[in-house]
Amino acid sequence: MNLCYETIKRKSAKNMDNILFVKWDRFSRNIEYAYEMIGLLRKYNVTAMAIDQPIDFEIPESTVMLAVYLAVPEAENTRRSLNTSNGMRRAKLLGRHPNRAPLGYINITAADGRKQIVPNNTDATLVKWSFEQLSKNAYSMEEVRRMVNVKGLRCSRSHFWKILRNPVYCGFVSFLEKDSGERQLIRGIHEPIVSEELFSEVQSIINSKRRFVHKKQVNKESLILHKYLACPSCDRTLRGSYSQ
């Protein structure tokens with residue numbers, strides 16, 4: 001519709017013109033935007049007309065039918081959206097994951113016809129390996145992401161952060177309460193990739209402000225004075241390190 005409107009603006013015809021479509025729900029499913037677009041088209045002498053639901057704009061009473069034609073599609077859209085969200089919420093309350101499977105899982109259809117997620121052996125192994133490396137508190141999140149990328153798990157920095165925060169991997173499904181708006185967890189029917197203890201340990205490390213304890217390995221062969229220099233104040237042996 002935007003492309004058509006831009007074409008009309010460039011044409012700026014002096015004679016009356018029409019835009020034809022089958023029904024008004026093909027024109028718009030939002031009554032507010034529909035009236036706004038009808039007004040904009042009139043500025044360029046263009047009239048919106050439905051073939052199966054004709055409206056004579058010369059008759060004042062026809063605006064009532066126009067309101068009905070525009071309101072019904074919007075009500076259908078709102079009802080469909082509400083039914084979809086309620087259905088997804090009911091599925092989550094039953095422990096199912098109705099959305100697209102996160103990295104490490106795949107969507108399948110069970111014998112009863114219901115959708116569910118199961119671990120994808122290759123990606124699930126790499127996801128579990130990432131959690132295990134972070135639980136050691138020896139590497140930063142970016143270092144683990146780069147290492148697991150080399151192993152074959154392709155994901156961006158933001159996506160990797162979401163993976164580490166997603167309780168689906170330890171067997172839970174999260175949803176928002178309608179009244180309080182708080183996030184709740186329900187035990188899922190899918191197989192977890194990591195244990196609850198491992199997931200909680202990683203969350204504790206991520207949420208804490210302490211730095212990881214990994215120490216870079218220094219090639220001592222290039223530091224020829226290592227163990228030979230002592231501090232003149234405390235007599236402790238001086239160590240060497242690299243700098244960029």
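These questions and answers walk through a predicted model.

Residues are numbered from 1 along each chain as its sequence is written, and side-chain values use heavy atoms, with hydrogens and water left out. Because the model is predicted, local features need pLDDT of at least 70 and side-chain atom pairs count only at pLDDT 80 or more, while totals for chains, interfaces and linings use all residues.

Reader: How many helices and strands are there in the protein?
Author: Helices (H or I, at least four residues) and strands (E, at least two) are DSSP runs, numbered from the N terminus. Along the sequence they follow the pattern α-β-α-α-β-α-β-β-α-α-α-β-β-α. The count is eight helices and six strands.

Reader: What share of the 244 residues in the protein is buried?
Author: Buried means under 20% relative accessible area, exposed over 50%, and partly exposed in between (1.4 Å probe, protein chains only). By that rule, the buried share of the 244 residues is 31%.

Reader: Among contacts between residues at least 6 apart in sequence, what percentage join residues at least 24 apart?
Author: Contact means heavy atoms within 4.5 Å. Take the contacts between residues at least 6 apart in sequence; the share that joins residues at least 24 apart is 55%.

Reader: Where around helix 6 do its buried residues lie?
Author: Helix 6 spans residues 141-151, and its buried residues are E142, V144, R145, V148 and N149. The arc is that of the directions from the helix axis to the C-beta atoms.

Reader: Which residues does N149 contact, leaving aside neighbours within four places in sequence?
Author: N149 sits in helix 6. It is buried, at 12% relative accessible area. With neighbours within four places in sequence left aside, N149 is in contact with R154 and C155.

Reader: What is the distance between the C-alpha atoms of G152 and D123?
Author: G152 belongs to the loop between helix 6 and helix 7. Just after helix 6, G152 takes a positive phi of about 125°. G152 is partly exposed, with a relative accessible area of 39%. D123 is 29 residues away along the chain, and the two C-alpha atoms are separated by 8.1 Å.

Reader: Which helices do the buried residues of helix 7 pack against?
Author: The buried residues in helix 7 are F160, I163 and L164. They fall within an arc of 95° seen down the axis, so they line one face of the helix. Their packing partners are helix 5, helix 6 and helix 8 (196-207).

Reader: Which backbone oxygen lies 3.0 Å from a polar atom of the side chain of S130?
Author: S130 lies in helix 5 and is buried, with a relative accessible area of 1%. Not counting residues up to four places away in sequence, S130 touches V144, V148 and F160. The backbone oxygen at 3.0 Å from the polar side-chain atom of S130 is that of L126.

Reader: Is N137 buried or exposed?
Author: N137 is in the loop between helix 5 and helix 6. Its phi is positive, about 55°, although N137 is not a glycine. With a relative accessible area of 8%, N137 is buried.

Reader: How is N45 classed at 28% relative accessibility?
Author: N45 lies in the loop between helix 3 (31-42) and strand 2 (46-50). Its phi is near 55°, a positive value in a residue other than glycine. At 28% relative accessibility, N45 counts as partly exposed.

Reader: What is the volume of the largest pocket?
Author: On a 1 Å grid over the protein atoms alone, a pocket is an open set of points where a 1.4 Å probe fits, with protein on both sides within 12 Å along at least five of seven lines; lining residues have an atom within 4 Å of a point. Grid points are joined across faces, edges and corners, and a volume is the space filled by probe spheres set on the points. For the largest pocket, that volume is about 300 Å³.

Reader: Which element gives the most to the lining of the largest pocket?
Author: The lining has 17 residues, and H97, P102, K162, N166 and V168 lie nearest the centre of the pocket. Helix 7 and strand 5 (172-176) are the elements that give two or more residues. The most, four residues, comes from helix 7.

Methods. A polar contact is a pair of N or O atoms within 3.5 Å; within protein, one must be able to donate a hydrogen and the other to accept it, and residues adjacent in sequence count only if both atoms are side-chain atoms.
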